[in-house]
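Please look over the structure shown here.

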Amino acid sequence: MTGGDGVAPMTPADLGGANFGPVEHAIDRERIAGFVQATGDDTRRWLAVAPPGYGAALLFAVAGPFLGDPRIRQYTRTLIHVDQQFRYERPLTAGAYSVSGTVDRVRERSGAWFVTFRAVAECEEGPAVFA
């Protein structure tokens with residue numbers, strides 16, 4: 001099927017292998033404290049190291065460019081977040097992180113698109129979190 005201009009419309013399938021980022025994200029004590037307060041965790045426990053859930057904040061640093069891509073933007077109303085897993089290589093301490101994402105796989109079933117998106121957050125010491 002083609003659009004009125006004779007060009008086939010873009011679909012999420014066009015994103016296979018697409019890279020997003022890197023996006024820079026700084027973690028500091030204030031961000032750690034804000035995240036801990038927002039999630040209701042123990043503020044005395046997480047002072048210099050972010051809790052494991054902070055990996056989601058790193059993932060969202062690169063989610064914006066992905067969700068804003070013209071090839072996926074029109075599908076975001078029906079995009080469903082299904083599964084999220086993190087693998088930590090080191091604690092999330094204060095510092096600069098570079099977050100990059102890649103569309104690993106795109107499948108379509110009965111009009112629904114399933115996009116497997118992989119992200120990695122790296123710091124000076126190397127990879128910190130894989131999502």
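Five strands form an open sheet in the order β1-β5-β6-β7-β3, with antiparallel pairing. Strands here are DSSP runs of E of at least two residues, helices are runs of H or I of at least four, and both are numbered from the N terminus; two strands pair if DSSP finds at least two bridges between them. The edges are β1 (19-27) and β3 (87-88), each with a single partner strand, so one side of each has no neighbour in the sheet. Helix α2 (residues 55-68) packs on the sheet and touches β1, β3, β5, β6 and β7, where contact means heavy atoms within 4.5 Å.

This is a predicted model, in which local features need pLDDT of at least 70 and side-chain atom pairs pLDDT 80 or more, while totals for chains, interfaces and linings use all residues. Residues are numbered from 1 along each chain as its sequence is written, and side-chain values use heavy atoms, without hydrogens and water.

Within the sheet, β6 (residues 112-123) and β7 (residues 126-130) pair in the antiparallel sense over 4 bridges. Val120 stands opposite Phe130 in β7.

Thr102 is found in strand β5 (residues 95-109). Is Thr102 buried or exposed? Thr102 is buried, with a relative accessible area of 15%; buried means under 20%, exposed over 50% and partly exposed in between, with a 1.4 Å probe and protein chains only. Leaving aside neighbours within four places in sequence, Thr102 is in contact with residues including Gly17, Ala18 and Phe117.

Key
Axes fitted to C-alpha atoms, helices over the stretch in contact; angles between N-to-C directions.
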